[in-house]
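Please look over the model below before reading the points.

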Amino acid sequence: MKLAVDGMGGDHAPKTVIEGVLMALNEFPDLEVKLYGNKETMRPFLQAHDRMQVVHCEEVVTNDDDAARAVRRKKDSSMALMLDAVKNGEADACLSAGSTGALMAGGLFKVGRIDGIERPALATTLPTLDGKGFLMLDLGATADAKAEYLLQYAIMGSIYAREVRSIARPTVGLLNIGTEEKKGNELTKAVFELLQASTDIHFIGNVESRDLLTGVADVVVTDGFTGNMVLKTIEGTAGVMFKMLKDGFMSSVKTKLAAAMMKPQLKTIKDTMDYTEYGGAALFGLQAPVIKAHGSSNGQAIYSAIKQANLMVKHNVSATIQQTIQS
């Protein structure tokens with residue numbers, strides 16, 4: 001796989017981006033990387049590798065830039081040139097931990113939508129109690145959705161779960177305020193009917209947000225506005241819970257001793273809920289894989305996102321989506 005990487009995107013770039021790239025190069029012998037960024041800034045962290053090419057860029061897209069215009073205005077930026085590599089066929093996929101809005105806009109503008117896809121969706125795998133995780137989309141690509149969009153999300157999510165996550169018959173749930181068929185607003189009621197009638201997915205009905213982390217479905221679909229709020233609520237709640245546990249265990253000598261005794265169990269919980277093991281968020285519906293890594297990604301998270309891109313390319317996810325949508 002030929003992968004284009006934005007070396008300057010993310011809170012800890014370029015250090016953690018380069019760390020993740022080098023981990024992936026050591027793990028995947030067929031991986032070739034074009035790393036875009038300022039060579040002087042990246043120099044302290046670079047290591048020579050025969051399958052990594054560093055491409056110098058003067059500009060960087062930041063979170064302060066106008067997301068809709070950033071890639072067009074900053075044509076010499078690491079993100080823009082990374083997307084150009086995919087557009088021009090120099091790379092099979094691309095990855096950035098930079099601005100989500102700019103990457104989505106740039107992906108649409110440069111990589112382009114699959115014919116027949118109404119709107120792309122941002123999708124990621126979230127942790128569950130059993131450690132298997134579930135795919136959720138849309139997480140913010142399209143705030144105001146139509147019922148037809150969510151049907152396409154369900155089809156794309158099912159293809160990804162089957163091809164990349166090796167789930168033979170992935171279950172699909174519709175996020176709603178209740179499990180009853182007639183629950184919800186006009187959008188969810190219309191989506192329910194479309195999903196129920198579709199022969200391309202295994203629809204199990206409505207699911208509630210309180211059941212998401214129990215693994216109630218392999219794929220959960222919703223509109224981008226709701227999905228983004230649910231994602232941030234999960235992230236925030238997990239962060240607060242871990243802080244409360246840490247503060248509680250560090251509050252006295254007795255609790256510190258208890259923490260020491262429970263260290264293996266606490267590590268298991270942490271690993272189960274660790275986003276760095278699940279890769280990034282993929283922009284489904286584009287003609288090639290565009291992966292958005294978490295802005296605060298460490299090297300492990302970048303590595304996992306590269307692994308995700310590799311699997312999407314290996315299993316021809318974009319082509320399979322196109323064939324399914326157009327059939």
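Predicted model: local features only at pLDDT ≥ 70, side-chain atom pairs only at ≥ 80, totals over all residues.

1. Helix H7 runs over residues 186-197 and has 12 residues. From its first C-alpha to its last it reaches 17 Å, close to the 16 Å expected at 1.5 Å a residue.

2. Which residues of H7 are buried? They are Thr188, Val191, Phe192 and Leu195. These residues cover an arc of only 110° around the axis, which puts them on the same side of H7. An α-helix has 3.6 residues a turn, so residues three or four places apart point the same way.

3. Glu186, Glu193 and Ala197 are exposed and sit on the face of H7 turned away from its buried side. The cut-off for exposed is over 50% relative accessible area, and for buried it is under 20%.

4. What covers the buried residues of H7? The cover includes one helix, H6 (147-163), together with the strands S7 (171-175), S8 (202-207) and S9 (219-221).

5. The start of H7 has a side-chain to backbone approach. There, a side-chain oxygen of Asn185 comes to within 3.2 Å of the backbone nitrogen of Leu187.

6. The remaining points concern the backbone. Most residues other than glycine have a negative phi, and most peptide bonds are trans. Two peptide bonds to look at are cis: the bond joining Ala13 and Pro14, where omega is about 0°, and the bond from Leu137 to Asp138, where omega is near 5°.

7. Where do the second residues of these bonds lie? Pro14 is in the loop between strand S1 (2-6) and helix H1 (15-27). Asp138 is in the loop between strand S6 (134-137) and H6, and H6 is also among the elements that cover the buried residues of H7.

8. Ser166 is not a glycine, yet its phi is positive, at about 60°. Is Ser166 buried or exposed? Ser166 is exposed, with a relative accessible area of 64%.

9. Asn316 likewise has a positive phi, of about 50°, without being a glycine. Its place is the loop between helix H11 (299-314) and helix H12 (317-326).

Terms used
Residues numbered from 1 in each chain as written. Heavy atoms only, no water. Helix = DSSP H or I, 4+ residues; strand = E, 2+ residues; numbered from the N terminus. Expected span 1.5 Å × (residues − 1). Buried < 20%, exposed > 50% of the residue type's maximum accessible area, 1.4 Å probe, protein only. Arc of directions from axis to C-beta. Contact = heavy atoms within 4.5 Å. Polar contact = N/O pair within 3.5 Å; in protein donor to acceptor, adjacent residues only side chain to side chain.
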